[in-house]
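Dear colleague,

I am handing over a structure for you to look at, and my notes on it follow directly below.

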Amino acid sequence: MNNMKFKQTSKQNAAAVKFLTENLSAPNGASDQVYDLIDTLGNAVDQYPEWHPILVNPNDCSDGYASALSQIDAYEGIDHTVCFVRGFITCPYSKNAAYSLIDSVNLVKGLKAYRLEQPLYSDNAYPVVVEATEVKLDADGTILTRDALVWSMQQALEEVKGAERGETWWNLKASLLGSPNSSCSSSFVSEYTGIRMKNIIEAMNYSGMYGPIKEESLEMFSADERKSISETLVIAAYNAWSGLEGHFNFMFRGEYCHAEIRELDESIDDFSITVRIANSALKAAGRYYQDTETWVVGEPTGQQKLAEKFL
């Protein structure tokens with residue numbers, strides 16, 4: 001694990017310990033317990049990848065798919081919850097809710113739930129641990145490569161049935177890697193695993209099995225490059241503007257562009273600018289403060305090849 005990732009993981013774990021112990025009358029012993037649980041459950045995380053057994057195994061939400069614990073009937077009663085790579089700790093105030101949760105989870109194959117006798121989050125809470133017993137961790141704390149690839153591809157193949165459009169890796173990576181994440185790795189998935197996952201997803205996409213590929217996220221570009229794309233487009237729109245508020249069209253770098261400019265605040269000449277190209281195949285937006293000649297732009301979205309024209 002590189003130093004940056006180690007620092008991020010340590011910070012994430014420390015925040016989890018603080019959340020679960022800072023309101024207790026005897027936080028020190030509880031902190032030791034949480035760190036012991038981290039040894040079992042893995043590092044603290046923000047969001048599970050969509051293929052994780054914690055989300056997939058219950059599979060009882062109304063539409064057959066859950067992206068959050070709160071959408072899953074088996075987890076009814078969770079409260080003050082902290083997530084980890086292999087499972088989560090939740091601290092309901094009701095003893096009945098805690099035991100009902102345990103009974104419900106223990107009916108699900110591959111999951112195990114149990115009560116902790118020592119309080120967490122609050123002296124009056126009833127902490128419960130929910131663990132995905134199928135999830136095994138590698139030496140770096142991420143899920144074993146083979147398991148992560150099998151589970152993610154099973155999920156991807158399920159989604160082929162009703163698919164009308166393919167999604168690029170950059171659109172999908174948050175749901176496939178979980179959070180926190182980087183371009184090809186996360187707290188759940190090593191870079192070795194993430195690169196192989198990316199290669200498989202791209203091969204499936206380009207095979208045409210999902211249909212035409214929808215591109216939206218432009219995270220393949222650096223933050224500076226994305227800012228440059230947005231600035232290039234909104235400044236071009238402003239320079240092509242006749243001065244009348246509303247919609248207008250202009251040509252720029254061989255592309256037919258549709259723009260809209262509105263004045264938001266006359267006192268400071270504050271203008272809102274949006275630009276769309278090729279039926280929203282590329283979009284950018286920003287604001288121009290004329291009195292200070294300041295540009296503020298948002299994240300562009302759209303197709304990579306089209307965006308490359310405006311770098």
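**Surface, fold and aromatic pairs**

The chain exposes about 15800 Å², of which carbon and sulfur atoms supply 47%; accessible areas come from the Shrake-Rupley method with a 1.4 Å probe, and for residues only the protein chains shown count as cover. Please bear in mind that this is a predicted model, in which local features need pLDDT of at least 70 and side-chain atom pairs count only at pLDDT 80 or more, while totals for chains, interfaces and linings use all residues. Residues are numbered from 1 along each chain as its sequence is written, and side-chain values use heavy atoms, with hydrogens and water left out.

The secondary structure comes to nine helices and 13 strands, taken as DSSP runs (H or I of at least four residues for helices, E of at least two for strands) that are numbered from the N terminus. The C-alpha trace spans about 70 × 50 × 40 Å along its principal axes. Of the 311 residues, 45% count as buried, meaning under 20% relative accessible area. Among contacts (heavy atoms within 4.5 Å) with a separation of 6 or more, 56% are between residues 24 or more positions apart.

A search of the whole structure finds 13 aromatic pairs, where rings of Phe, Tyr and Trp (its six-membered ring) pair if their centres lie within 6.5 Å, and planes under 30 degrees apart count as stacked, over 60 as edge-to-face and the rest as tilted. One of them joins Tyr-48 and Phe-188, whose ring centres are 5.7 Å apart with planes at 50°, so the pair is tilted. Because Tyr-48 lies in the loop between β1 (44–45) and α3 (53–56) and Phe-188 in the loop between α6 (169–177) and α7 (191–206), this pair ties together parts that are 140 residues apart in sequence. Tyr-48 is buried at a relative accessible area of 5%, and Phe-188 is buried at 0%.

Trp-241 and Phe-271 form an edge-to-face pair, at 5.3 Å centre to centre and 70° between the planes. This pair links distant parts of the chain, with Trp-241 in the loop between α8 (223–240) and β8 (246–252) and Phe-271 in strand β10 (residues 270–277), 30 residues apart. Trp-241 counts as buried at 16% relative accessibility, and Phe-271 is buried at 5%. Both rings belong to a cluster in which ring pairs link Tyr-238, Trp-241, Phe-271, Tyr-288 and Trp-295.

Kind regards

Notes. Buried means under 20% relative accessible area, exposed over 50%, partly exposed in between (1.4 Å probe, protein chains only).
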